[in-house]
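Here's a quick tour for anyone meeting this structure for the first time. Have a look at it before reading on.

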Amino acid sequence: MLARDWIGLVVEVVDSPNSSEIGLKGMVVDETMKTLRIETEKGVRMVAKSKRVFEVEVEGMRFRINGDLIAFRPEERIMRGLMIASRIKG
Amino acid sequence: MAVKRDKKLEKKIAESRIDFLLKLAEQRKNSDYELAKRYIELSVRMAEKYRIRLGKRKLGFCKKCLYPYRSDRMRVRIGKGVVRITCMNCGHVRRFKIKQHTKNRRA
């Protein structure tokens, strides 16, 4: 999951220091190193990754992911995400 | 100590992501042209990073400005055995030779 593509996924913001962002739900349209752009019913919003927790549903499974773990450039995350995953496994 | 990278798995993931992004760009190019360009930019960067050949997938967008080819934004001319595709965003011209089926070309 850490190495996946986030564009096109439906994401919900579960925890955030900014209280107006909690409960935001929508599709990810674009991604930069430190932000996600989420397309909601009220237009596109930019949400920072750090210090936020996202909930994603992929192939019937639900994941809760700390935004700090995915704070890489999208093309770098395949490499870095796999490294983090292998480190967690041990 | 640095963790050893699994380059085969990296390539596999990158390949599927590139295909996915190019497909999205193709779907989006009529509604949101800028976003389609952004997807292509990402996939090209990924291909460079993980050394994946794009092959025929290259033909879907302009090599120079990375905007996807759309019928109202491109011009195709065929002549003298050459196909010329002009991008109307940046004016870049690509040329391809049409392969000829001659049996005794090297005879």
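What follows is a short briefing, grouped by topic.

Keep in mind that this is a predicted model. Chain B brings together two helices and three strands, and chain A holds an open sheet of six strands. The two chains also touch, with 18 residues of chain B in contact with 14 residues of chain A.

**Where the chains meet**

- On the side of chain B that touches chain A, the elements giving two or more residues are α1 (7-28) and α2 (33-50) of chain B.
- The biggest giver there is α1(B), with eight residues.
- Sorted by class, that side of chain B has 11 nonpolar and seven charged residues, and no polar ones.

**Chain B as a whole**

- Start at the N terminus and the elements of chain B come in the order α-α-β-β-β.
- Of the 107 residues in chain B, 22% are buried.
- Take the contacts in chain B with a separation of 6 or more: 43% of them are between residues 24 or more positions apart.

**The helix pair in chain B**

- How do the axes of α1(B) and α2(B) cross? They come within 8 Å and cross at roughly 160 degrees.
- That angle makes α1(B) roughly antiparallel to α2(B), because anything over 145 degrees counts that way.
- The crossing in which α1(B) passes α2(B) is left-handed.
- On the α1(B) side, the residues that meet α2(B) include B:Ala14, B:Ile18, B:Leu21 and B:Leu22, along with charged-class names such as B:Glu10 and B:Arg17.
- On the α2(B) side, the residues that meet α1(B) include B:Leu35, B:Tyr39, B:Ile40, B:Met46 and B:Tyr50.
- By class, this helix contact has 14 nonpolar, one polar and four charged residues.

- B:Arg51 sits in the loop between α2 and β1 of chain B. Its phi is near 55 degrees, a positive value in a residue other than glycine.
- Is B:Arg51 buried or exposed? B:Arg51 is exposed, with 10 other C-beta atoms within 10 Å.
- B:Leu66 belongs to that loop between α2 and β1 of chain B too, and here phi is near 65 degrees, again positive in a residue other than glycine.
- B:Leu66 counts as buried, since it has 20 C-beta neighbours inside 10 Å.
- B:Gly60 is also placed in the loop between α2 and β1 (74-79) of chain B. It's partly exposed, with 15 other C-beta atoms within 10 Å.
- Which residues does B:Gly60 contact, leaving aside its neighbours within four places in sequence? They are B:Leu22, B:Glu26, B:Pro68 and B:Tyr69.
- B:Gly60 and B:Leu24 are 36 residues apart along the chain, and their C-alpha atoms are separated by 12 Å.

**The sheet in chain A**

- The six strands of this open sheet line up as β4-β3-β2-β1-β5-β6 (chain A), with antiparallel pairing.
- Strands β2 (residues 25-31) and β3 (residues 35-40) of chain A run antiparallel and are joined by four bridges.
- A:Asp30 has A:Arg37 in β3(A) as its bridge partner.

Methods: Residues are numbered from 1 along each chain as its sequence is written. Chains are lettered from A and ligands numbered from 1 in the order in which they are written. This is a predicted model: local features need pLDDT of at least 70, side-chain atom pairs count only at pLDDT 80 or more; totals for chains, interfaces and linings use all residues. Two residues are in contact if their C-beta atoms, placed from the backbone, lie within 7 Å. Axes are lines fitted to C-alpha atoms, for helices over the stretch in contact, and angles run from 0 to 180 degrees between N-to-C directions. Angles under 35 degrees count as roughly parallel, over 145 as roughly antiparallel, 65 to 115 as roughly perpendicular and the rest as oblique. A crossing is left-handed if the near helix is turned anticlockwise from the far one by less than a right angle, and right-handed if clockwise. Two strands pair if DSSP finds at least two bridges between them. A residue is buried if 20 or more other C-beta atoms lie within 10 Å of its own, exposed if 12 or fewer, and partly exposed in between; C-beta atoms are placed from the backbone.
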